[in-house]
Amino acid sequence: MNDHFSTDTLIDYLHGELDPASDARVHQHVAACRACAAELDRERTLGDALRAAAGRDERELPAALKAQIWAAVRAESPRPFGWVRSLLRPVVAFPVAAAAAFALYFASPASPLWPTHAAPAIAASYYLERHEAQQLQNPLAERSMPAPTIEAGYEGSAQSETADLATEASVSPGTLDVVR
Amino acid sequence: MGVPRTPDLPPSPEQAAFLERAIEQYGKATYNFAYRLTNNEADARDLTQDAFLRVYRAWRSFQPGTSFLSWIYRIVTNLHRDELRRRKGRFYEEIPEDNAPQAYGGQRPLAQTPIDDLVEGQLGEPLSKALAMLSSEQRQVVILADIEDYSYQEIADMTECSIGTVRSRLHRARALLRKLLMQAQQH
């Protein structure tokens, strides 16, 4: 047999990377060709040696490296309530505080924008007249008001007025509209 | 070296549990993969830390039922490539695709190689040195194909290159390893 397969092909065969037809041809050839079988064996030995060397040199994961990984993760992770802390940064806090101060000022009565309403002007006589009328209706008022001037001969009107008040006070329940 | 204290948990308990489990199950394999890639303990630590930080950030994108190790190995290879580019400031040339099985024309000499002469234990140190002399991409493919036993397609997915490129890199890497071992044997 004069034709041999290249070392590259044998490497691909060794790694199972040939298509089925090519794989079968190489398999058949190697079984009959000492040279290619020897070359294949050398490549196989190289692979075995590589794996053996890797196994001998294998290292455990250093404990300090574990700690480094977690330290890097912590440095990336946002801290609890970090959003609060982010608001306290000067670049954020100052504008926010200024805006809040402006809002409070303009919303307060001291603000020039606060609507001013003049107190309604009510004549003093209104209070006196109103109060006198209330006094007449309430005999138990603290301040004793002078009795209204009653014209002579009209005594009954005051009494009848008082009686009217008493009548009004003693209202029969039956006459009331009960709202249930 | 003391036992690290229990870390303060991040806001999501599920995310923390995911990371804890990932470190426990795949931390050693990831660290060893990173070490074989970089051949340097400090770089391997940084690479491993960055990889798990990526895992933490992207934990929701992992699809249950798929290989977590493939996922994190992909992260490691990407980080390693980015770091190399950052340090060296240049891009590596893509190796042309060469995926056709080729027949060897003529007789194959029954040449003796250092691999024939060395028993397994003797091959270890020169092999480790020879592996360190490969380029990063070549070393990456040899590790994934010969040590981690991934298929060419899986390696192509992890390293974001074509199957032909994976194949070519592996062929050249193995050829270089044989050559370096032969030189080491002669000295």
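Which residues do ring pairs link into a cluster? They are Phe18(B), Tyr26(B), Trp59(B), Phe62(B), Phe68(B) and Trp71(B). The model is predicted, and the count of aromatic pairs over all chains comes to nine.

**Aromatic pairs**

- Tyr26(B) and Phe68(B) form a stacked pair, with 4.6 Å from centre to centre and 25° between the planes.
- This pair links distant parts of the chain, as Tyr26(B) is in helix 1 of chain B and Phe68(B) is in helix 3 of chain B, 42 residues apart.
- Phe68(B) is buried, at a relative accessible area of 6%, whereas Tyr26(B) is partly exposed, at 24%.
- Tyr73(B) and Tyr150(B) form an edge-to-face pair, with 5.9 Å from centre to centre and 70° between the planes.
- Tyr73(B) lies in helix 3 of chain B and Tyr150(B) in the loop between helix 6 and helix 7, so this pair ties together parts that are 77 residues apart in sequence.
- Both Tyr73(B) and Tyr150(B) are buried.

**Charge over a ring**

- Arg59(A) lies over the face of Tyr35(B), at 3.8 Å from the ring centre.

**Second largest pocket**

- The volume of the second largest pocket is about 310 Å³.
- It is lined by 17 residues, of which Asp43(B), His80(B), Glu83(B), Leu84(B) and Arg87(B) are the closest to its centre.
- Helices 1, 2, 3 and 6 of chain B each supply at least two residues of the lining.
- Helix 3 of chain B gives the most, with seven residues.
- By class, the lining holds eight charged, five nonpolar and four polar residues.

How values were computed. Residues are numbered from 1 along each chain as its sequence is written. Chains are lettered from A and ligands numbered from 1 in the order in which they are written. This is a predicted model: local features need pLDDT of at least 70, side-chain atom pairs count only at pLDDT 80 or more; totals for chains, interfaces and linings use all residues. Side-chain values use heavy atoms; hydrogens and water are left out. On a 1 Å grid over the protein atoms alone, a cavity is a set of points where a 1.4 Å probe fits but cannot get out, and a pocket is an open set with protein on both sides within 12 Å along at least five of seven lines; lining residues have an atom within 4 Å of a point. Grid points are joined across faces, edges and corners, and a volume is the space filled by probe spheres set on the points. Helices (H or I, at least four residues) and strands (E, at least two) are DSSP runs, numbered from the N terminus. Ala, Val, Leu, Ile, Met, Phe, Trp, Tyr, Cys and Pro count as nonpolar, Asp, Glu, Lys and Arg as charged, and the others, Gly among them, as polar. Rings of Phe, Tyr and Trp (its six-membered ring) pair if their centres lie within 6.5 Å; planes under 30 degrees apart count as stacked, over 60 as edge-to-face and the rest as tilted. Buried means under 20% relative accessible area, exposed over 50%, partly exposed in between (1.4 Å probe, protein chains only). A charge sits over a ring if NZ of Lys or CZ of Arg is within 6 Å of the ring centre and within 35 degrees of the ring normal.
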